[in-house]
Amino acid sequence: MRRGILLIIPALLAGCDGRHNWLASAGAEAQRVEELFWVLLLGAAVIWSLVIGAAVYAHRRQVDPSLETQARRFILWGGAVFPTVVVGALLVWGLVILRDITSDEGDLTVRVDGERWWWRVIYETPEGDVVTANEIRLPVDRTALFRLTADDVIHSFWVPALGGKMDMIPGRETTLALTPIQTGNWGGLCAEYCGGAHALMRFDAIVMEQDAFDTWLAAEAEAAQVAGDDRGFEIFQEEGCGACHTIRGTDAQGPVGPDLTHLAAREKLGAGIYDMTPETMARWITDTHEMKPDIDMPPYPDLQGDRLDRLVAFLMSLD
Ligand code: HEC
Ligand SMILES: [Cu+2]
């Protein structure tokens, strides 16, 4: 029996792969939560051992009536005063952490809107909003203030390696501050069941050096470079894709689905789930609901051959 329990532990820990591992924190806020976790865990282990030790001792010893007052004092201090002080101190500490990580100040502001089942991402810059989707890039050692909301149902925004999760609530704005301290590609996900494709609602959270981030953001702010006679773009419009998707700089201005202006610059396709390749792109268009069940994009099974190739080549040129 005991061995059975021990065998479960590695199985549980195996769920903590590198990218989503909150115990390998890559953010200042995650580090503080991790500290709290270890202090609680180790503190609880020590106190538990002391209590069990005292119980075993009491059970083994003969009752000695002359020690009655001493025993009462022990219960008062050990059973009432000590837990009150410890739990009170932990409460204050926890509240201070909560205040800091829900702060509403940051070096940059990113609005993220939870949609079924993808992420609308808007960087607020002095030159205006920069709209993108499904990938969030951040400069290292800067505090990003996230202003979160949702379009339809409640979602929860979570980058485990960087910090705690925060609900995204329709009609309300919640905030979350994250300060990444390590560059890398940290995975993010929706942590609140939100319907059919919930488990496939992910994103990349890519932490970069400030210079690289500035270059990336400047590129994202640009409109797409689409030639007037681009056959791929014509097919995009003929198929009605532009009714749902926006490609800035063209007359595709649909507000329903993810902004595709710099689609091919994203590392992943379909809200963090497939590598961005011509093959996955083609299948995304023809076998949409096999690629991601339940989504609000219609499949285009009849789009094949040269027409499909040209459309895919066009989409892959949007970098
Ligand atoms: C009815 C609206 C609608 C139409 C029409 C539509 N899409 Fe979409 N599209 C969506 C939605 C919604 C999503 C997000 C799906 C998700 O991940 O939950 C999406 C996602 C995508 C993505 C993935 C974006 C990313 O960030 O990874 C691509 C690429 C795409 N659509 C291309 C197309 C093309 C090409 C067409 C036309 C052949 C098209 N869409 C037609 C609504 C639409
Ligand atoms: Cu969700």
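The model is predicted, so local features need pLDDT of at least 70 and side-chain atom pairs count only at pLDDT 80 or more, whereas totals for chains, interfaces and linings use all residues. Residues are numbered from 1 along each chain as its sequence is written, chains are lettered from A and ligands numbered from 1 in the order in which they are written, and side-chain values use heavy atoms, with hydrogens and water left out.

Met201 (SD) is one of the ligands of the copper ion (ligand 2), together with His155 (ND1), Cys190 (SG) and Cys194 (SG), at 2.0 to 2.6 Å. Donors are N, O and S atoms within 2.8 Å of the metal (3.2 Å for Na, K and Ca); water is not among the atoms, so sites may look incomplete. Along the chain, the copper donors follow the spacing H-x34-C-x3-C-x6-M. Cysteine 190 belongs to strand S9 (residues 184-190) and methionine 201 to the loop between S9 and strand S10 (202-208), so that this pair, eleven residues apart, links distant parts of the chain. Helices (H or I, at least four residues) and strands (E, at least two) are DSSP runs, numbered from the N terminus. Cysteine 190 is also buried, at a relative accessible area of 5%.

Four donors count as tetrahedral if all angles lie between 85 and 135 degrees; four count as square planar and six as octahedral if opposite donors are over 155 degrees apart and all others between 65 and 115, and anything else is irregular. Around the iron atom of ligand 1, the six donor atoms subtend angles of 85 to 179 degrees, and the arrangement is therefore octahedral. The protein donors of this iron atom are His245 (NE2) and Met297 (SD), at 1.9 to 2.3 Å from it. Histidine 245 lies in the loop between helix H5 (231-238) and strand S11 (268-269), and methionine 297 in the loop between helix H7 (288-291) and helix H8 (305-316), so the pair ties together parts that are 52 residues apart in sequence. Histidine 245 is buried, with a relative accessible area of 12%, and methionine 297 is buried at 18%.

Helix H2 (residues 28-60) packs with helix H3 (residues 68-101) at an angle of about 170 degrees, the axes being 10 Å apart. Axes are lines fitted to C-alpha atoms, for helices over the stretch in contact, and angles run from 0 to 180 degrees between N-to-C directions. H2 and H3 are therefore roughly antiparallel to each other, the term for angles over 145 degrees. Residues in the contact (heavy atoms within 4.5 Å) include Leu36, Val39 and Leu40 of H2 and Phe82, Leu90 and Trp93 of H3.

Two backbone features occur in loops. Arginine 116 and tryptophan 117 are joined by a cis peptide bond, with omega about 0 degrees, and tryptophan 117 lies in the loop between strand S1 (108-115) and strand S2 (118-125). Asparagine 134, although not a glycine, has a positive phi of about 60 degrees; asparagine 134 is placed in the loop between strand S3 (128-133) and strand S4 (135-139) and is buried, with a relative accessible area of 6%.

Note on methods
Buried < 20%, exposed > 50% of the residue type's maximum accessible area, 1.4 Å probe, protein only. Parallel < 35°, antiparallel > 145°, perpendicular 65-115°, else oblique.
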